[in-house]
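Trainee: Before we look at any detail, could you show me how to read the overall fold and the packing of a model like this one?

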Amino acid sequence: MSTHPDSRERTRVPGSGGNGVTSSAKEIKQLDRVIIRFAGDSGDGMQLTGDRFTQETASFGNDLATFPNFPAEIRAPQGTLPGVSSFQVHFADHDILTPGDAPDVLVAMNPAALKANLSDLRQGGSIIVDTHDFTARNLAKAGYAGDPLEDESLAEYAVHSLDLTGMTVEAVKGFGLSRKDAARAKNMFALGMLSWMYSRPTDSTVAFLERRFAKAAGIRDANIAAFKAGWNFGETSEAFVAQYEIKPAPMTPGTYRNISGNLALSYGLIAGAVQSGLPLFLGSYPITPASDILHELSKHKRFGVTTLQAEDEIAGIGAALGASFAGVLGITTTSGPGIALKSETIGLGVMMELPLIVVDVQRGGPSTGLPTKTEQADLLQAMFGRNGESPVPIVAPRSPADCFDTAVEAARIAVTHRTPVMLLSDGMLANGSEPWLIPEVDGLVTIDPDFLTEPNHEVTAKDGTVRKEFWPYLRKDETLARPWAIPGTPGLEHRIGGLEKGDGHGNISYDPANHDFMVRTRQAKVERIADALPPLEVDDPSGPQGHGRAKVLMLGWGSTYGPIGAACRRVRQAGLDVAQVHLRHLNPFPKDLGEIIKKYDAVMVPEMNLGQLSLLLRAKYLVDVVGYNQVNGMPLKAAELAAAIIDLVEATTGDAPSSVNDHALHKEIVK
């Protein structure tokens with residue numbers, strides 16, 4: 001089994017004493033990181049296989065990052081390239097930032113899986129192939145003229161051709177299943193084999209299968225038998241001469257769990273509501289890749305969560321905004337096409353100045369686009385996709401675990417500043433996962449809804465008598481937030497709706513000067529959010545921000561954090577200096593962003609769009625940022641980005657990578 005070119009491999013002899021004692025006769029090799037991709041038909045259980053391997057890895061204590069990739073169709077045509085589903089997991093004995101550019105190991109369950117993923121496999125990587133489906137018909141469906149397992153097309157890889165299906169059927173023949181049902185357990189055979197190969201713990205998977213198939217004893221026992229047979233095959237087969245170990249990664253002390261972005265976001269929304277002392281209402285219409293948030297929140301009624309699966313996108317956000325009017329934390333979830341439908345109601349929320357969280361889990365567009373692929377192309381829609389001057393705050397998480405903190409921050413802004421908030425996640429974050437340090441509840445921010453309970457304005461009549469009234473648009477000086485009054489509170493009855501409001505009293509007003517004032521006030525209210533934002537963190541090992549050797553700044557947002565960070569590590573390892581800043585708050589920008597940008601000679605902005613953040617930065621700060629743009633439905637690759645950074649550093653400073661052979665180093669980074 002070959003290893004990653006950057007991995008450190010250490011070999012120990014079994015039975016050598018101490019911690020090296022083992023019952024296996026095979027040598028044990030230590031690696032620092034590995035990238036594995038499981039690939040097969042969308043019905044082969046690759047997502048389940050990858051998820052279970054991930055859970056085993058998380059329980060072992062490795063740092064990890066995952067990338068599930070699957071077709072939009074519920075059941076794509078079997079054996080075809082569009083029907084291939086894959087799951088990539090990158091795990092290491094140190095901190096990592098991405099699921100990896102190129103897998104070291106590809107597990108291909110059929111010809112289509114091999115064809116669709118081979119180009120991503122690193123040179124010299126390992127391929128484990130289930131030969132059962134390499135028939136003439138399946139080869140033709142995958143676009144092969146001949147059998148790649150029999151010609152020289154795979155000569156540069158370490159190929160292990162195994163009849164996984166046949167061995168699975170043989171392993172479970174005692175459980176009374178049909179051959180078709182027995183063959184379905186081949187993913188568990190593959191999981192067992194890879195679990196042995198990389199010394200993964202297995203108890204959690206056995207317990208999972210016992211729970212999942214508790215009501216189907218035959219299927220339960222067959223899957224467990226297939227899993228154990230795969231483990232035993234790895235241990236006893238001569239096909240694999242070594243077993244690999246990746247030690248646990250050092251981490252901050254605490255309790256961890258593996259978590260996906262959608263799950264972390266769901267927990268963050270609940271935490272935001274609890275910390276506000278408010279019930280949570282979710283009005284949502286199912287849409288990929290946001291539906292899991294609806295599914296998850298529906299499980300948590302004990303935390304005061306109410307979920308409504310509405311008949312359409314408009315009804316979902318209408319119900320959420322109505323809940324906010326009633327004194328509840330209203331939330332709606334969707335993806336890009338749904339934002340287009342919700343835009344009028346978001347504008348209504350801006351006019352009514354009520355808390356509302358709008359979650360956009362971005363996907364490839366426009367229109368239906370690429371439902372299961374990732375993209376960052378909704379930023380300008382979030383900024384400007386409503387009629388009139390309709391400003392809303394925008395926040396974006398940078399990793400699956402960060403979805404929790406960003407959701408809490410969205411709740412804080414919405415409740416404190418009485419405004420709809422757009423939260424921009426994406427498909428990469430939603431479905432990917434990583435270890436999450438579970439926070440202490442006492443450490444979470446307290447959010448005060450500060451409901452008004454009595455009239456807030458005194459009016460003096462001509463006869464000198466004073467009476468108290470409720471003015472729904474009488475604002476706080478520090479935030480410009482208006483009062484939030486729960487309907488039915490005596491003395492706080494008021495008119496609300498989409499027509500322009502008079503300053504203070506909130507009655508309908510068509511006065512030109514008032515409209516101008518209210519438009520500017522709503523904009524100023526959003527801008528004042530920046531007053532409470534902490535200073536940006538500048539990652540610049542060369543010295544204090546703007547005063548070190550680095551002359552190039554990498555500036556990103558959302559899920560590009562991992563690829564940018566990994567690319568910066570590669571560039572620094574090559575002896576060049578580069579700084580990094582990542583934005584959570586996209587509207588308003590943090591107050592110190594402009595000052596930071598001006599301290600660097602060049603700024604590169606990598607995005608999975610055609611330059612939307614670059615456009616905003618140019619407009620606001622008059623800086624000619626360099627865009628690095630990709631819209632292919634896939635995450636950015638750190639190696640390719642590192643090569644672009646090196647080119648920019650060389651063009652800006654004249655510095656070149658510190659290597660005996662600069663050209664060879666640059667080529668290695670690209671690879």
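Mentor: Let us begin with a term: two residues are in contact when heavy atoms of theirs lie within 4.5 Å. In this predicted model, among contacts between residues at least 6 apart in sequence, 75% join residues at least 24 apart.

Trainee: How many helices and strands does the protein have, and how compact is the protein for its length?

Mentor: There are 21 helices and 24 strands. The radius of gyration is 28 Å, close to the 26 Å that the globule rule gives for 671 residues, so the protein is as compact as a globular protein of that length. Its C-alpha trace spans about 100 × 65 × 55 Å along the principal axes.

Trainee: Which residues have the most contacts inside the largest nonpolar core?

Mentor: In soluble globular proteins, nonpolar side chains tend to be buried together. Here the largest nonpolar core has 87 residues, and Leu583 and Leu617 have the most contacts inside it; helix 14 gives the most to this core, with nine residues. Apart from this core lies another, of 44 residues, among them Leu31 and Phe87.

Trainee: At what angle do helix 9 and helix 14 pack?

Mentor: Two packed helices are described by the angle between their axes and the distance between the axes. Helix 9 (residues 261-276) and helix 14 (residues 402-417) pack at about 35°, with their axes 7 Å apart, and their crossing is right-handed. Among the residues that meet are Gly268 and Ala271 in helix 9 and Ala407 and Ala411 in helix 14; by class, this contact has 11 nonpolar, four polar and no charged residues.

Technical notes:
Residues are numbered from 1 along each chain as its sequence is written. This is a predicted model: local features need pLDDT of at least 70, side-chain atom pairs count only at pLDDT 80 or more; totals for chains, interfaces and linings use all residues. Side-chain values use heavy atoms; hydrogens and water are left out. Axes are lines fitted to C-alpha atoms, for helices over the stretch in contact, and angles run from 0 to 180 degrees between N-to-C directions. Helices (H or I, at least four residues) and strands (E, at least two) are DSSP runs, numbered from the N terminus. A crossing is left-handed if the near helix is turned anticlockwise from the far one by less than a right angle, and right-handed if clockwise. Ala, Val, Leu, Ile, Met, Phe, Trp, Tyr, Cys and Pro count as nonpolar, Asp, Glu, Lys and Arg as charged, and the others, Gly among them, as polar. A nonpolar core is a set of buried Ala, Val, Leu, Ile, Met, Phe, Trp, Tyr and Cys residues joined through side-chain atoms within 4.5 Å. Buried means under 20% relative accessible area, exposed over 50%, partly exposed in between (1.4 Å probe, protein chains only). The radius of gyration is taken over C-alpha atoms; the globule rule is 2.2 Å times the number of residues to the power 0.38.
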